[in-house]
Structure formats: C-alpha cells, structure tokens
Amino acid sequence: PFKPLVFSGVQPTGNLHLGNYLGAIVNFVALQKSHDCIYCVVDMHAITATLVQPDLPAQIREVTAAFIAAGIDPVKQIVFNQSRVSAHAELAWVFNCVARLGWLNRMTQFKDKAGKDRENASTGLYAYPNLMAADILVYKATHVPVGEDQKQHLELTRDIAQKFNNDFGPRIAELGLGRGEAGGFFPAPEPLIQPQAARIMSLRDGTKKMSKSDPSEYSRLNLTDDADTIAQKLRKAKTDADAIPSEAKGLEGRPEAENLVGIFAGLAGKPVTAVLQDFGGSQFSAFKQALTDLAVERLAPVGGEMKRLVADPGYIDGVLRAGAERAAAIAAPIMDEVKDIVGF
Ligand code: ADP
Ligand code: NA
C-alpha cells in the first residue's frame, strides 16, 4: 500500500539538544507508523558555518545514535548521511540555477547565522536552503517534520519545485514525466510542525531559541546530559515570580514560564492546556521539580542508549552505509529524469 514519503535532517554540529528532540526527532519517531521515512544526518549543511571540524565523524555518529536511541527503526526506515548520496549535491546545483537571488536574500536564518560580518559568510551558508530543497525533492518527499524555524526554508522549497515545474513544463510533458493533473514533476512538500514544541527557547533567555551554538551550557538540555546535569540546569532555569496560571492567557508576556510549560507538554505528549489544568496555582519550585522528574524519566534513557550506541562505531557505520545504498537507489532514477528534463 502507498505510504506518503517523509524526509527530514539534523545537522551533526554537536550539542544535540531538547529543541532538536521535541521539535523534530520525537515527530520523526511518531511518523514511522503512518509513513515511509528517510532521516538524514545532513553533514554537508554542517560545514556551511564552520569548515574545519575535526570531530565531524564523531558528531555524525552521535546524531545517528540519537535517531536510533529515540526509537527510529533503521531497518524499516532509511537512516544515512547526506554526503554519501551524491544526488543531493547534483540536484542542489540545478536548484542554485532555479532559485533567484531575491528569494535567498529574504531568508532570515542566513541573516541570523551570518551576523554582522556578512561579507565573510561562506557562499554555502547563503545557498543552504537550495541544498535543503534538493535533500527533500531528490526523493520527491511530500512531508517534512521540522521545527518552526525551518518553515521559511520549506516555503522556498515549494517555490523552487513550482518554478522548476513551470519553467520545464513543456519538456516534462514531452517526456511524460508529469504527475497528476497539474503535470508537475516535483511535489510541493509540506512541513509537519509539532504545535507544543514548535519552538523551544533557551533556559537562560526565553526570547532566544534553544540552540547548539549558544555559548552557555545552561541555555539548553543536551540529549547526553545525565540525571544530575538535567536537574541542575532546570533548577537554574530562568523563571518569573508568579505562580503557574491555570489558563494559557496567563502565560502571555511571560516567555520563560511559557517555555517551561511548553517543554513539560512536549515531554508529556499533552497539550499545554492539560498541563495548566494540572499545575495551575502551583509555585514554580513545585512545577520545576515535576518537570525535572519528567525530563530525567524521558531523556536520561535516550542519552544512555546514545552512549551505548556510539561505543560501537562499527554498528553505526554499518547502518549509515546500508541507509546510503537504499537512499541512492531511490534518488538515482529521479536524478536521471531531472537530467533528461534539463537536457544534460
Ligand atoms: P540547530 O537549529 O540546533 O542548529 P538543526 O538545524 O540541525 O539544529 O535542526 C534540526 C531540527 O531541529 C530542525 O527540524 C529544527 O527545526 C529543529 N529545532 C532546532 N532548534 C529547535 C528549537 N529550539 N525548537 C524546536 N525545534 C528546533
Ligand atoms: Na535549525
């Protein structure tokens, strides 16, 4: 039976954190039931900001281990690293010629990551969204589980698919490669965003996204943190002086409180309203204790399993090798068709 195809990726840039877990990986695990899934360690994206990374091989294995420890089945689904399937780079080049400069100039993530010294950002960082579009479309994937920060890149992916379909429309029709009534070659993939965990914020500053690159270790829970570290970081997490409200309205203008309640909801797999019903009126100290217990219960086993898996690099490398072969087998015929369409 036909199952819709999911693609998503995580960068092996170290410090895998709770935002990556609740915003993306938990969703990856859930989608296995209803979809065929391709989960990629996007190592080519990882060198856009920092070129030389001596720990890159270890970081690739760590993300792979996180996928498996969280519950992704690497036999039923496809788990691999991007650089091993050359079709990603080939299609990205075509997309560099499809996407317009004006489109990329609007990408807010480039502005954030390039910072003030934009002239010194790599051209790879600038063109990153084109490679991301290729990652997805080289499999003709239709669903992409991501955090909210990736929504704009997904819109660009759809714009690229549409322009390719339009510009090459006559050629696609001539070759008989169009799908459905619209006759387009590429689908328009949709983001799948977890509402409770769309945007997990820093534990030190509720207005900044929790991120791998934040210099403060106390800003994030890393997936490999042990129980004591999780407890210590949550104890130090910034809060305000008011109690937990019993309705979502009471979280307005309280970014730190809203973030911790959102984290609880994400970890518990409950809507925020249910968490507020349970804790409304409680002081933060009591809520933080319950959050710590839940975070330890949910995260410590994942971290422990990750450590066990990375201790067996032969196993991880075998998973990545087998996954790359299966991914390449799907991508190669699609890339051959792209070459026919373009005229290579
Ligand atoms: P990072 O943004 O930490 O560098 P990636 O770019 O590899 O990590 O993102 C991997 C996935 O994790 C993406 O789907 C992204 O949207 C999601 N993600 C990253 N940070 C957060 C966050 N703070 N809250 C929710 N999702 C997040
Ligand atoms: Na990101």
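The protein chain carries 14 helices and five strands, where helices (H or I, at least four residues) and strands (E, at least two) are DSSP runs counted from the N terminus. This is a predicted model, so to speak of local features takes a pLDDT of at least 70 and side-chain atom pairs count only at pLDDT 80 or more, while totals for chains, interfaces and linings use all residues. Residues are numbered from 1 along each chain as its sequence is written, with chains lettered from A and ligands numbered from 1 in the order in which they are written.

Along the principal axes, the C-alpha atoms fill a box of roughly 65 × 50 × 45 Å. Of the 344 residues, 42% count as buried, meaning that 20 or more other C-beta atoms, placed from the backbone, lie within 10 Å of the residue's own. Take the contacts (C-beta atoms within 7 Å) with a separation of 6 or more: 78% of them join residues 24 or more positions apart.

The chain splits into domain 1 (5-198 + 313-342) and domain 2 (217-308), with bounds from an automatic or database domain assignment. Their C-alpha centres sit 30 Å apart, and the contact between them takes 13 residues from each domain. On the domain 1 side, H1 and helix H3 (56-70) each supply at least two residues, with H3 giving the most, five. That side divides into nine nonpolar, three polar and one charged residue; Ala, Val, Leu, Ile, Met, Phe, Trp, Tyr, Cys and Pro count as nonpolar, Asp, Glu, Lys and Arg as charged, and the others, Gly among them, as polar.

Of its 95 residues, Ile38, Ala66 and Leu91 touch the most other members. Helix H1 (residues 18-31) contributes the largest share, eight residues, and both domains put in at least three each. Leaving aside residues up to four places away in sequence, Ile38 touches Val6, Phe7, Ile78, Tyr139, Ala141 and Ala327.

H1 turns up again around ligand 1, where H1 gives the most to the shell, four residues. In total, 18 residues surround the ligand, the closest being Gln11, Gly19, Gly23, Val146 and Gly147; the cut-off is a C-beta atom, placed from the backbone, within 6 Å. By class, the shell has six nonpolar, eight polar and four charged residues.

Definitions and conventions. A nonpolar core is a set of buried Ala, Val, Leu, Ile, Met, Phe, Trp, Tyr and Cys residues joined through C-beta atoms within 7 Å. A residue is buried if 20 or more other C-beta atoms lie within 10 Å of its own, exposed if 12 or fewer, and partly exposed in between; C-beta atoms are placed from the backbone. Two residues are in contact if their C-beta atoms, placed from the backbone, lie within 7 Å.
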